[in-house]
Amino acid sequence: MLRHRLYLRILQSALYSGKPTSPNFTAVCFFKMTSGFAIFLFIVFAVPSYISCEQELEAVRAARFGILQAVNWAQSLRRYHDHLDHGSRFGDIAIADCLKLYEESEPLLAWLELSSKNYSQADAVTWLSAALASHRSCLDGLEEKGLSFDRQAAQNLTLLLHAALASVKLQVNFGRPLRHGIPRKRGTNQYWGLLASWSPATSKADIVVAQDGSGNFKTIKEAVAALGRMGHNRPGRAVVYVKSGLYHEKVEIPRNLENVMFVGDGIDKTIVTGNQNVVDGASTLSSATFGISGNGFWARDITFENTAGPQKRQAVALRVGSDLAVFYRCSFKGYQDTLLVHSLRQFYRDCQIHGTIDFIFGDASAVFQNCDIFVRRPMDDQSNMITAQGRDHPDQNTGISIINCRVAPSSDFSPFTGRFNSYLGRPWKQYSRTVFLKTDLGGLVHPRGWSEWAGNFALSTLYYGEYMNTGRGASTANRVKWPGFHPMYDPREASWFSVRNFIQGDLWLSATGVPSSLDV
């Protein structure tokens with residue numbers, strides 16, 4: 001609590017400038033691009049050293065106002081760039097990513113501001129953490145494409161999001177009773193257990209996709225467009241059955257398509273494939289073959305892949321920014337950056353993840369249970385890193401929890417494992433957090449376990465944990481000696497990263513019918 005109070009006092013001092021226009025709002029920031037184009041974001045805030053419910057609301061309102069102004073900035077900048085004669089449109093991709101990210105963040109903060117407390121503290125911290133992850137992704141994308149921006153302006157919005165997070169955390173510390181709730185569409189009870197029980201032989205899909213013409217549509221994108229046209233007539237849990245086939249498509253599930261379920265005919269039978277990548281001009285975010293923004297997304301028996309190859313660097317197969325998302329018996333294939341667990345709460349059960357560098361990465365609260373993690377052969381000058389978690393602030397509830405899984409080389413990599421170093425992960429951001437619990441770590445895992453990102457960056461602020469792992473790579477005797485590395489011996493410490501505690505799975509996961517162990 002003391003840390004939060006000190007932090008809030010520092011934030012008040014940092015953001016205060018000039019005469020306040022109201023008791024709660026004061027400060028100014030702006031973004032500026034290389035074109036000289038500038039849009040001013042009037043972001044205002046003042047925080048006392050204690051937090052009441054009303055002051056928590058003001059903190060959230062200020063953060064939402066900042067996000068809305070960021071939306072306006074991105075829209076204006078996109079219109080400005082549309083009037084320019086470009087030799088390259090790479091910068092436009094980064095701007096479009098920013099607009100998408102901020103537009104997806106605003107409804108989460110609006111729910112916190114306007115929903116009369118119909119949410120829990122876990123919900124609030126999750127949604128604010130997601131907004132912070134999206135803001136950071138925007139800035140990373142601008143840097144990736146070589147676009148400059150006003151760093152102080154960006155920092156001001158970061159501080160607003162930090163303050164909102166701190167206010168919510170203070171309310172938790174003050175002991176306000178937990179409320180359990182998340183926006184859900186009507187009529188979900190009739191779909192109870194559907195993800196586990198659905199069968200193409202006995203169940204009926206709302207839309208069928210089949211390349212041979214036996215369904216409603218031949219492409220997945222047509223099916224998604226049809227879902228959008230249904231509007232309020234869309235079922236409470238819309239089911240899209242994608243029959244066996246190789247679908248060369250780039251698919252986006254927008255934020256307004258909630259509670260959608262995709263089912264296929266099995267791993268390596270129903271395959272969604274693409275090859276967009278950063279080297280050829282995409283951003284990391286936009287390279288995804290399949291991207292999901294609608295909350296409550298479920299998928300089963302589908303392979304998502306990006307075939308760009310290791311020489312094309314970042315190339316995402318699946319990007320997930322969906323709250324309460326579940327993937328069951330799915331496969332994710334790529335090389336660098338295969339699976340982007342971007343934000344919000346996600347659960348993966350009985351899945352396969354294939355890759356080389358940072359191939360499970362992002363800033364979601366993500367749990368992997370009973371999954372197979374296959375390490376592939378990288379380029380000759382590369383090492384393998386399974387995870388690159390992106391937690392950027394200590395108040396975020398995000399991280400990657402890998403429980404009862406198996407880490408092994410892919411079949412084509414097995415003869416060459418001795419030529420390459422393979423690590424459990426490296427810290428992408430300052431407070432990176434990843435744990436491996438009761439997981440079989442094959443002999444390919446380097447004795448040090450973990451790799452640096454750059455020098456001493458984040459080694460004292462990260463949280464990397466291992467608990468009761470097995471296999472030739474499980475010994476922690478020669479692990480890194482970083483302050484942030486935690487070999488766990490107490491089951492109570494490991495329990496923080498369980499399905500029950502880390503993603504509140506006991507409150508919502510049973511609706512899928514998917515098998516899960518709530519505790520470690």
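**Stop 1: the disulfide**

Select C98 and C138. In this predicted model, the two form a disulfide with right-handed geometry, at 90° about the S-S bond. Their sulfur atoms lie 2.0 Å apart. Now color by secondary structure. C98 sits in helix α3 (residues 90-114) and C138 in helix α4 (residues 121-144), so the link joins distant parts of the chain, 40 residues apart. The structure holds one disulfide.

**Stop 2: a cysteine pair without a bond**

Select C371 and C405. C405 is in no disulfide. C371 is buried, with a relative accessible area of 0%. C405 is buried as well, at 2%.

**Stop 3**

Is D358 buried or exposed? D358 is buried, with a relative accessible area of 4%. Next, show its surroundings. Neighbours within four places in sequence aside, D358 contacts D337, M385, I386, T387, A388, R426 and W453.

**Stop 4: the eleven-strand sheet**

Switch to cartoon view. Look for an open sheet of eleven strands with parallel pairing. Follow the order β3-β4-β7-β10-β13-β16-β19-β22-β25-β27-β28. Its edge strands are β3 (207-209) and β28 (485-487), and each pairs on one side only. Neighbouring strands are turned by 10° against each other on average, direction ignored.

Strand β27 (residues 463-467) pairs with β28 in the parallel sense over three bridges.

Helix α7 (residues 220-230) lies across β3, β4 (238-242) and β7 (260-263). The helix runs at about 165° to β3.

**Stop 5: salt bridges**

Show charged side chains. How many salt bridges does a search of the whole structure find? The search finds 27. Visit these examples.

- Select R151 and E143. Their side chains meet in a salt bridge, 2.8 Å from N to O. R151 is exposed, at 54% relative accessibility, while E143 is partly exposed, at 39%.
- Select R349 and D350. This salt bridge spans 3.0 Å from N to O. R349 is buried, with a relative accessible area of 14%, whereas D350 is partly exposed, at 23%.
- Select D519 and R500. Their closest N and O atoms are 2.9 Å apart in a salt bridge. The pair links distant parts of the chain, 19 residues apart: R500 is in helix α9, D519 in the segment after α9 (499-502). D519 is partly exposed, at 43% relative accessibility, and so is R500, at 31%.

Finish with a group. Select E58, R61, R64, E106 and E113 together. Salt bridges that share partners join these residues into one network.

Terms used. Residues numbered from 1 in each chain as written. Predicted model: local features only at pLDDT ≥ 70, side-chain atom pairs only at ≥ 80, totals over all residues. Heavy atoms only, no water. Salt bridge = Lys/Arg side-chain N within 4 Å of Asp/Glu carboxyl O. Buried < 20%, exposed > 50% of the residue type's maximum accessible area, 1.4 Å probe, protein only. Helix = DSSP H or I, 4+ residues; strand = E, 2+ residues; numbered from the N terminus. Contact = heavy atoms within 4.5 Å. Pairing = 2+ DSSP bridges. Axes fitted to C-alpha atoms, helices over the stretch in contact; angles between N-to-C directions. Disulfide = S-S within 2.5 Å.
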